[in-house]
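Hi everyone, thanks for making time. Let me put the model up, and then we can walk through a few parts of it together.

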Amino acid sequence: MNEVRVGEIRIGKGNPLVLIAGPCVLEGEAIALEIARQLKEICEALKIPLIFKASYEKDNRGSEKSYRGPGVKEGLRALAKVKEKIGIPILSDVHRMEDVDQAKEVLDVIQIPAFLCQQTSLLLKIGESGRVVNIKKGQFIAPENMAGAVKKIHSTGNQQVLLTERGACFGYNKLVSDFCSIPIMQEIGCPVIFDATHVVRNYGIP
């Protein structure tokens, strides 16, 4: 398994637990700073490395009326403030190729949303950014088939890839986590992140 480095944080190859945490979507600079500050205090007390996660845009919403975030310009500005003032690495989703060049100037980890994990043009553009890439496994994909997405990133020369298990959907409004998928994806050669948040809510409800 490759070791992935996010600044001083090492992920995989027997390294200790790393926490990726923060608000699902940015709701404002002040609340993001407060959440990041408290997360950092908790993680320092527990001696757990922290990567702050908040999405400047969440485009896969159940309703066109749902809040999707502040957008790329304002969102990256707020995330840059968190990075500067709190001093922790930053992760956010990127949905569009045209966002990548701006995003790579701020983000330490670029996350590919689950629904977009097979989008070749997006994966290649993000791979070329040189940033660590976290690919969320689509809920419609077998874990072994994530090897194709990883290969696309590797083809750009970028070997710094994480995979995230976040559940599978069987045609009803639940996501089910199959823990067998974690060692299967580890065999692809990437450290695997477990995202439990999607399996504790009714999936697909607006």
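Lining the second largest pocket are Lys137, Gln139, Phe140, Ile141, Ala142, Pro143, Glu165, Ala168, Phe170, Val176, Asp178 and Ser181. A pocket here is an open set of points on a 1 Å grid over the protein atoms alone, where a 1.4 Å probe fits, with protein on both sides within 12 Å along at least five of seven lines; lining residues have an atom within 4 Å of a point. That lining splits into 7 nonpolar, 2 polar and 3 charged residues, and the pocket holds about 150 Å³ of space.

A word on sources: this is a predicted model, where local features need pLDDT of at least 70, side-chain atom pairs count only at pLDDT 80 or more, and totals for chains, interfaces and linings use all residues. Residues are numbered from 1 along each chain as its sequence is written, and side-chain values use heavy atoms, leaving out hydrogens and water.

Now the cysteines. With a disulfide defined as a pair of cysteine sulfur atoms within 2.5 Å, the count is 0. For cysteine 24, the nearest cysteine sulfur belongs to cysteine 169, 17 Å away. Cysteine 24 is partly exposed, at 41% relative accessibility (partly exposed lies between buried, under 20%, and exposed, over 50%, with a 1.4 Å probe and protein chains only). Cysteine 117 is buried, with a relative accessible area of 1%.

Cysteine 117 is also among the residues that isoleucine 135 touches (heavy atoms within 4.5 Å), along with others including Met146 and Val161.

Key: Points joined across faces, edges and corners; volume = space filled by probe spheres on them. Nonpolar A, V, L, I, M, F, W, Y, C, P; charged D, E, K, R; others polar. Lists of a residue's contacts leave out its neighbours within four places in sequence.
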